[in-house]
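Good morning, colleagues. Please keep the model open while I speak.

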Amino acid sequence: TDHRAAAFASAVALAVYLFTLAPTVTGEDGGEFMAAAYSLGIPHPTGYPLWTFLAHLFTYIPFGEVAWRISLMSAFWASATVYCVVLTLRHRNLSRLTSISAALALAVSREFWEQSVIAEVYTLNAFFVILCLYLLLRWRDSHSPTILYTFTLLYSLSLSNHSTMALLGPLFLAYIFYHSPTLLRDYRSLGICIAVFAAGLLVQLYLPIRSRANPAMDWGNPETLQAFWDVFTRKQYQAMMSDERSLGLFFRQVLAFMKYYLWEFTPWVLLLAIPGMKQLYAHSKSAGLLILATFLIILLAS
């Protein structure tokens with residue numbers, strides 16, 4: 001079955017990550033995130049409340065150093081991402097071999113692999129991106145209210161992990177209303193979606209609640225509404241950003257992204273994406289455009 005194929009690819013990826021998992025504190029933001037997770041503190045903006053809480057649960061694993069346990073969460077979400085990639089590709093009628101190969105190519109790509117073996121927020125974010133896409137594609141075929149509500153909740157929760165998801169929100173909404181324009185007049189379904197979305201946002205209350213407890217790490221001290229908003233919108237970083245906003249800078253950033261993209265997958269694997277996107281677009285124009293637009297939004301946002 002498709003789930004067996006997905007489980008196989010996920011298990012292979014997890015085995016690779018476990019073999020190469022960082023044994024202790026690493027560079028980047030690893031030490032900060034580990035300290036925040038262990039003490040239920042607040043790391044740098046946007047505070048990452050969902051990641052911090054989930055990582056804290058991993059500290060209760062009864063073996064290994066605390067740093068290793070927290071890094072293990074990155075491996076867990078990375079392997080879960082691989083699982084969802086296989087399911088998504090199989091849902092678009094790609095063969096099992098192609099789906100598994102593509103998912104494992106992602107699993108061992110340089111940056112994804114690196115982020116899968118250290119304490120960082122990106123594998124959880126990747127999991128949310130692919131799971132939201134998978135649910136949207138399934139909903140488009142079935143128009144199941146349950147799938148729509150599940151998508152809404154997961155998307156809402158994803159906003160508590162990384163700000164990239166906020167940029168994808170308008171695209172996801174456009175896709176939903178394009179395939180179900182009558183949803184705007186379905187007040188019951190709209191009301192449930194709004195209620196579910198609001199419930200997911202409650203995770204953000206972690207920030208002011210924990211801040212009032214004065215944890216060892218309390219970045220931004222988001223106890224007041226203004227302080228909370230400053231952390232949520234990353235206001236502290238604005239002072240470190242250059243005032244330069246030019247077309248030249250924008251194109252240099254896009255070229256830098258493409259350079260690293262080639263470095264990730266090599267030109268040969270990148271070329272394989274072209275027939276893949278062509279087949280996806282031929283099978284479903286809206287699905288092809290959804291995947292392509294997701295890629296472009298992440299490219300431009302980076």
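Predicted model: local features only at pLDDT ≥ 70, side-chain atom pairs only at ≥ 80, totals over all residues.

Residues are numbered from 1 along each chain as its sequence is written, and side-chain values use heavy atoms, with hydrogens and water left out.

Let me begin with helix 13. Helices are DSSP runs (H or I, at least four residues), numbered from the N terminus. Helix 13 covers residues 247–283 and spans only 36 Å between its end C-alpha atoms, whereas a straight helix of 37 residues would span 54 Å at 1.5 Å a residue; the expected span is 1.5 Å times one less than the number of residues. Where does helix 13 bend? The bend, of about 90 degrees, is at Thr 266, and Pro 267 follows within four residues. A bend here is the angle between axes fitted to the seven residues ending at a position and the seven starting there.

Val 254, Phe 257, Glu 264, Phe 265 and Leu 280 are the buried residues of helix 13, where buried means under 20% relative accessible area, exposed over 50% and partly exposed in between (1.4 Å probe, protein chains only). Their cover includes helix 5, helix 6 and helix 14.

The axes of helices 13 and 14 come within 11 Å and cross at roughly 175 degrees. Angles run from 0 to 180 degrees between N-to-C directions, with axes fitted to C-alpha atoms over the stretch in contact. By class, their contact has 16 nonpolar, two polar and one charged residues.

Helix 2 and helix 4, by contrast, pack at about 100 degrees with axes 10 Å apart, and are therefore roughly perpendicular. Met 34, Ala 37 and Tyr 38 of helix 2 meet Val 66, Ala 67, Ile 70 and Ser 71 of helix 4; contact means heavy atoms within 4.5 Å.

Also in helix 4 is Thr 81, buried at a relative accessible area of 2%. Beyond its neighbours within four places in sequence, Thr 81 contacts residues including Leu 106, Phe 112 and Phe 127.

Finally, the backbone. The peptide bond from Pro 45 to Thr 46 is cis, with omega near 15 degrees. Leu 40 has a positive phi, near 50 degrees, and lies in the loop between helix 2 and helix 3.

Key: Helix = DSSP H or I, 4+ residues; strand = E, 2+ residues; numbered from the N terminus. Parallel < 35°, antiparallel > 145°, perpendicular 65-115°, else oblique. Nonpolar A, V, L, I, M, F, W, Y, C, P; charged D, E, K, R; others polar.
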